[in-house]
There are 2 protein chains.
Amino acid sequence: MDVLIVLAHPERNSFNGALFDTAYETFASNGHQVQTSDLYRMNFDPCSGASNFTSRKNADYLKLQIEEIHASETGGFAVEIEQEMRKVEAADLIILRFPLWWFSLPAILKGWVDRVFATGRTYGNGRFYENGVFRGKRAMLSLTTGGPVEAYESGGFNGDMMSILRPIHRGILQFVGFDVLAPAIHYGPAHVEDVQRPQWLAEYANRLKKIDDESKLDVGQYV
Amino acid sequence: MDVLIVLAHPERNSFNGALFDTAYETFASNGHQVQTSDLYRMNFDPCSGASNFTSRKNADYLKLQIEEIHASETGGFAVEIEQEMRKVEAADLIILRFPLWWFSLPAILKGWVDRVFATGRTYGNGRFYENGVFRGKRAMLSLTTGGPVEAYESGGFNGDMMSILRPIHRGILQFVGFDVLAPAIHYGPAHVEDVQRPQWLAEYANRLKKIDDESKLDVGQYV
């Protein structure tokens with residue numbers, strides 16, 4: 001299996017970093033091919049715009065979707081975008097590894113999606129959702145929160161986590177055709193006792209060893 | 001009234017840019033104080049991290065919330081963050097002006113939230129939601145889409161727009177205490193007839209002239 005793990009955390013020695021390392025080591029030691037994108041250490045630029053392209057259909061007026069289609073047809077994506085596209089295209093499984101910020105992805109990871117999932121190449125022309133470009137591939141969110149699990153339960157302080165994640169599950173991952181696996185969520189790792197985090201790492205490794213057996217999640221649709 | 005308009009679009013001559021200009025001119029010509037943040041033209045860095053701070057509580061290990069509280073107590077935010085914080089704090093009304101990308105904010109605007117809405121300064125210590133720091137102030141999303149309105153209706157191709165916007169309305173704006181006004185949404189401006197866009201600009205101006213009369217929206221809670 002080819003696996004891509006994308007990490008979005010400014011502190012490499014964070015618990016997110018440890019979970020990233022655990023995933024890398026677990027897959028690699030079980031004979032899988034693992035690619036990584038450690039976005040902060042790559043200084044990945046998340047601002048979608050003219051820098052996405054090496055040549056332009058219209059250099060005077062930037063319409064991203066027109067330029068994305070043009071770049072898809074002419075191989076005109078900037079090197080750092082093309083590299084990320086190839087990683088995604090090669091992967092059977094992608095894991096997005098991040099702290100939940102403002103009910104959503106950190107900007108550096110949102111911008112990775114904004115720039116890399118370009119129309120023409122990754123969606124469009126009837127290729128959406130169940131007909132998506134990445135159908136048959138799987139994707140999983142792997143996240144930490146600041147607050148405790150109770151805050152993200154139905155009726156809790158913030159509300160049901162699966163509803164909060166739906167724009168990502170439905171609007172990003174399923175939109176381009178991925179089967180979505182159940183998210184790996186660690187709630188409030190900054191506030192647990194020190195013995196908890198190594199246990200969580202071990203449990204995470206155990207889950208990943210058997211991830212090929214998992215079925216896709218019903219993330220719910222917007223109604 | 002003090003108004004802050006934040007623009008997130010890479011093409012200044014886009015319809016988003018025109019809507020931004022319309023809002024600026026409408027408020028300014030009606031005697032309001034208007035501040036702006038044109039994030040792409042500012043080259044705003046959306047990656048929350050060590051660059052948020054001029055001094056650190058712990059220079060060896062970055063915990064953003066610890067450093068945000070420290071910076072709130074010591075005036076230690078980077079100049080570009082402090083400037084944006086002051087604009088938000090001075091505003092009676094903020095308008096976030098953007099194209100909807102992947103059911104969410106463009107990364108440059110998501111990162112403006114990630115970096116500027118810092119704990120200690122803009123939330124925390126019991127100041128959330130109805131007790132939020134910005135209670136009594138109002139906020140409005142002003143967005144365009146690629147797809148037509150039918151795609152964002154209940155049962156449509158993507159699903160109900162208000163559900164899609166809920167992480168922003170509820171998880172960002174209401175979280176820090178804003179009263180949320182009904183979003184201004186222009187669907188598929190790239191695909192309408194040329195006469196439509198000037199009409200939309202005029203209608204938008206008419207709405208903004210009377211915005212003081214508007215009541216806050218019930219955005220729905222997560223259940």
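Helices here are DSSP runs of H or I with at least four residues, strands are runs of E with at least two, and both are numbered from the N terminus. Residues count from 1 along each chain as its sequence is written, while chains are lettered from A and ligands numbered from 1 in the order in which they are written. This is a predicted model, where local features need pLDDT of at least 70, side-chain atom pairs count only at pLDDT 80 or more, and totals for chains, interfaces and linings use all residues.

**Stop 1: A:Leu109**

Select A:Leu109, which sits in helix 4 of chain A. With 27 C-beta neighbours inside 10 Å, A:Leu109 counts as buried. The cut-offs are 20 or more other C-beta atoms within 10 Å for buried, 12 or fewer for exposed, and partly exposed in between, with C-beta atoms placed from the backbone. Leaving aside neighbours within four places in sequence, show the contacts of A:Leu109: A:Val6, A:Ala8, A:Leu39, A:Leu96 and A:Phe98. A contact means that two C-beta atoms, placed from the backbone, lie within 7 Å.

Hop over to A:Val6, which, with the neighbours within four places in sequence left out, is in contact with A:Leu109 and A:Trp112, among others. A:Val6 and A:Leu109 are also among the residues with the most contacts inside the largest nonpolar core, a set of 122 residues. Such a core is made of buried Ala, Val, Leu, Ile, Met, Phe, Trp, Tyr and Cys residues joined through C-beta atoms within 7 Å.

**Stop 2: the rest of helix 4**

Now widen the selection to residues 107-116 of chain A. How many of the ten residues of helix 4 are buried? Ten of the ten, so helix 4 of chain A is largely enclosed by the rest of the structure. Even A:Lys110, A:Asp114 and A:Arg115 are on the buried list. The packing partners of these buried residues are strand 1 (2-7), helix 3 (79-90), strand 3 (93-99) and helix 5 of chain A, together with helix 4 of chain B.

**Stop 3: between the chains**

Colour by chain. You'll find 37 residues of chain A in contact with 37 residues of chain B. On the chain A side, helix 4 (107-116) and helix 5 (161-174) are the elements giving two or more residues, and helix 4 has the largest share, six residues. By class, that side holds 19 nonpolar, 14 polar and four charged residues. Here Ala, Val, Leu, Ile, Met, Phe, Trp, Tyr, Cys and Pro are nonpolar, Asp, Glu, Lys and Arg are charged, and the others, Gly among them, are polar.

Superpose chain A on chain B: a rotation of 180° with 0.0 Å of shift along its axis does it, at RMSD 0.0 Å. The two copies are thus related as by a two-fold rotation axis. Which residue of chain A comes closest to the rotation axis? A:Ala107, with its C-alpha at 2.4 Å.

**Stop 4: A:Arg121**

Back in chain A, pick A:Arg121, in the loop between helix 4 and strand 4 (138-145). A:Arg121 is buried, with 21 other C-beta atoms within 10 Å. Not counting residues up to four places away in sequence, A:Arg121 touches A:Ser72 and A:Met85. For a distance label, its C-alpha is 8.5 Å from that of A:Glu73, 48 residues apart along the chain.

**Stop 5: helix 3 of chain B**

Last, select B:Ile81, B:Glu84 and B:Val88, the buried residues of helix 3 of chain B. They pack against strand 1, strand 2 (33-38), strand 3 and helix 4 of chain B.

Technical notes: Least-squares fit on C-alpha atoms with pLDDT ≥ 70 in both.
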